[in-house]
Amino acid sequence: MTRPAARNGSRASADRLARLLNLVPYLLARPGIEIAEAAGDLGVTERQLREDLELLWVCGLPGYGPGDLIDMAFDGDRVTITYDAGIDRPLRLTPDEALALVVALRMLAETPGVANREAVERALAKIEDAGDLVGAPVAVRLPGDTRRVEALRAAVEGGKALRITYYTAARDETTERVIDPLRMLMVGGRAYVEAWCRRAEAVRLFRGDRIDAITELDEPAAVPPQAVPHDLTEGVFRPSADLPLITLRIGRGERWITEYYPCERVEAGDGDQWLVSLRVTDLGWARRFVLGLGPEVTVVAPVELAEHVRATAAAALDAYAVPTPTPTAVPRPAEVEPERTPSGDPAVAGRTQ
């Protein structure tokens, strides 16, 4: 089994769906177009375009009778749509669809790092006007600490260099850095500042919730020409061949790892066990990652990681094995009742009860 291949298959299906939705209006506007020309415009091969046309032939409105399906005529290597099954009609949104778009656009408008916020706001205004949704009782809030996100956004938009105190989870250390901000963005529900780090002399991503302190400097941000923003279409973490590769043997209860982390290889093992290989930022992070998992995980490779995990686990067990000193019992003071003489006066000696 290979998870990356499954993801690639899903992406290809989504790309084909988008292409099919655009194909009918495209052909309607160009009756009799050559298939080779259309394939070039759409960025696909002639074979792929012919397969798309064959699929369109069995698509249409519910009912799917002969008069409901898309129809087309071929003249040699030219194609013409002869019946569009109503796809040329203007799009009309239901109230639920319009409200869903309003919520999505409002969220997008509040997301840090959006390049063309004005275009989002114009689209939002058009949908609200068309659907009579102006002032709809919908409150949209970004996850996390909103005040921290706003403070970071203001600092980045100020155009000044910043001094930050940053916690690096991979190395479990806190450092002070001077950065020149490039942009602020939201990925996976978390706020990030992308900036040129003068300490690392490279572009780095800083998670907003790991910035412990931030100070705006008097000097403007000076981003060097070689600073290029990261491509985050596949997420923040981008596995590469120069990163350490670890292999784990996992049970059924830990299979979620293959869904949450990008894996290079996933193979079925004995019984319910899987062999999973993935890239990590460093072995220090991998050690903490494995120690946080359940007992159904075994480190297969590298040997160095297995030894570190074993040593850390043994040290933790040794700490629990040290007996806790038992507090020494403090005896209660004796109660003394003085003896009395026949005359009733207390005697010197006492009697312990």
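The dialogue below takes helices, then strands.

Guide: This is a predicted model: local features need pLDDT of at least 70, side-chain atom pairs count only at pLDDT 80 or more, and totals for chains, interfaces and linings use all residues. Residues are numbered from 1 along each chain as its sequence is written, and side-chain values use heavy atoms, leaving out hydrogens and water.

Visitor: How do H2 and H3 cross, and at what angle?
Guide: Helices (H or I, at least four residues) and strands (E, at least two) are DSSP runs, numbered from the N terminus. Axes are lines fitted to C-alpha atoms, for helices over the stretch in contact, with angles from 0 to 180 degrees between N-to-C directions. Here the axes of H2 (residues 35-42) and H3 (residues 46-56) come within 9 Å and cross at roughly 100°. H2 and H3 are therefore roughly perpendicular (65 to 115 degrees).

Visitor: Which residues of H2 and H3 meet?
Guide: Contact means heavy atoms within 4.5 Å. Ile35, Ala36, Ala38, Ala39 and Leu42 of H2 meet Glu46, Leu49 and Arg50 of H3.

Visitor: What is the strand order in the open sheet?
Guide: Two strands pair if DSSP finds at least two bridges between them. The order is S1-S3-S2, with antiparallel pairing. S1 (33-34) and S2 (71-75) are at the edges with a single partner strand each, so one side of each lacks a neighbour in the sheet. Five bridges join S2 to S3 (residues 78-83). Asp75 stands opposite Arg78 in S3.

Visitor: Is S7 largely enclosed or open, and why?
Guide: Buried means under 20% relative accessible area. Five of the six residues of S7 (residues 202-207) are buried, so S7 is largely enclosed by the rest of the structure.

Technical notes. Parallel < 35°, antiparallel > 145°, perpendicular 65-115°, else oblique. Buried < 20%, exposed > 50% of the residue type's maximum accessible area, 1.4 Å probe, protein only.
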